[in-house]
Amino acid sequence: MKKVNIYFNRWFSVAFHYMNLIRNNEDGIPVQIFATHPDIRHMSLQGADVAGTEPELEGIEYVQFCVDFCRSNEIDIFIPHLHMLDIALHVSMFDAVGTKVLVCRDLDLLEKIMDKGKFYESVQETGIMTIPDYHVVSTAEQFQAAYEDLAARGHQVCFKPTETEGGLGFRIINNDRNPLQDLFGHVTPYISFEEARRILSSVDSFPNLMVMELLEGFEYSIDCLADENGRLLAAVPRRKAGGRLRLMEHIPELEDIASRVAEVYRIPFNFNIQMKYSGGVPKLLEINPRMSGGLHISCLSGINFPYLAVKSALGGEVQPAEFAGNVLASHVEQPLIMRIDGESVVTDAVNLSGSSS
């Protein structure tokens, strides 16, 4: 059986797990996994069969690099992360070399999802879920007005850039901080309103910030799988359960939200919905049109999200999947011996006795 060639461009370190989940698929489909990153020793490359460095490019030049890589290595499936929007914009270039790209081809939708302010406006129009109280601002005056409005409604206030990933740029306004204690203590996301306003006032305008109510309840990451046409096949709500514990649990209202998101937006393959509770109501934080950073944990539910997306893209039949019951999971570090051979990286796991396996 011919191996399926799969390519990951620059990804998070957890792509190591995605690669192994695809490789160890339940159908026994043989795969060869290619990966690139500017740092040849990056952990995301350690699950690849063939790894290489990629240049620091943007726009069409970066897309052309990826197209050339796919052509020269006869890539069947490309799973992009870096510069996803540029890649989606030029997806026909990959079609021309016979590579299927796991990306949302609806460019208007993709642009909305990747800008939290625009996507909140869209969700408001559809009414399919609740969003927090918020304002989008780009000047210090707007920031002050947004803060005062939210505080007057009784909210603790936080803010975050509208276009970012993870926790980058996220801050919580707390006016009871002691600057000296902060200086000698742990780095925190807390900042006083006056300090934030002073920093933002140093420029005439800044990239859009979303100033919003701080939600105090459990935060859930709903990992979703859909087919190429956006038909929902699986949804697993996952939350932190203290320390390193993660709990995958059936929450009917969150599973219903996943169904409504899929029905309205038709996001293909893997995507992730982040919700957080406030007063017993789940409110949207954001949607990521890609595999989430904790997807490998959700796969412990018994659903192999990365492989099933690949299988669907290859035209295979993927049936709707459910996990049987709640799953409590955690993780420990796994020491790895990394060997560099030219542009290729080979990794051996090490067991507790010190021998490789």
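Guide: Let us begin with burial: a residue is buried under 20% relative accessible area, exposed over 50% and partly exposed in between, using a 1.4 Å probe and protein chains only. By that rule W11 is buried, with a relative accessible area of 4%, whereas F12 is partly exposed at 27%. Bear in mind that this is a predicted model, in which local features need pLDDT of at least 70, side-chain atom pairs count only at pLDDT 80 or more, and totals for chains, interfaces and linings use all residues. Residues are numbered from 1 along each chain as its sequence is written, and side-chain values use heavy atoms, with hydrogens and water left out.

Visitor: How is the aromatic pair of W11 and F12 arranged?

Guide: Rings of Phe, Tyr and Trp (its six-membered ring) pair if their centres lie within 6.5 Å; planes under 30 degrees apart are stacked, over 60 edge-to-face, and the rest tilted. W11 and F12 are edge-to-face, at 6.0 Å centre to centre with 85° between the planes. F143 and F159 also form an edge-to-face pair, at 5.4 Å and 85°. This pair links distant parts of the chain, with F143 in helix α7 and F159 in strand β7 (residues 157-161), 16 residues apart. Helices (H or I, at least four residues) and strands (E, at least two) are DSSP runs, numbered from the N terminus. Both F143 and F159 are buried.

Visitor: Which residues form one aromatic cluster?

Guide: Y7, F34, Y62, F65, F69, F78 and F94 do. The count of aromatic pairs comes to 15.

Visitor: At what angle do the axes of α7 and α9 cross?

Guide: Axes are lines fitted to C-alpha atoms, for helices over the stretch in contact, and angles run from 0 to 180 degrees between N-to-C directions. Helix α7 (residues 140-152) and helix α9 (residues 193-200) have axes that come within 9 Å and cross at roughly 160°. Angles under 35 degrees are roughly parallel, over 145 roughly antiparallel, 65 to 115 roughly perpendicular, and the rest oblique. Therefore α7 and α9 are roughly antiparallel to each other.

Visitor: Which residues of α7 and α9 meet?

Guide: Contact means heavy atoms within 4.5 Å. A140, F143, Q144 and Y147 in α7 meet F193, A196, R197 and L200 in α9.

Visitor: And how do the axes of α1 and α12 cross?

Guide: The axes of α1 (residues 15-23) and α12 (residues 305-313) come within 7 Å and cross at roughly 60°. That makes α1 oblique to α12. Here Y18, L21 and I22 in α1 meet P306, Y307 and V310 in α12.
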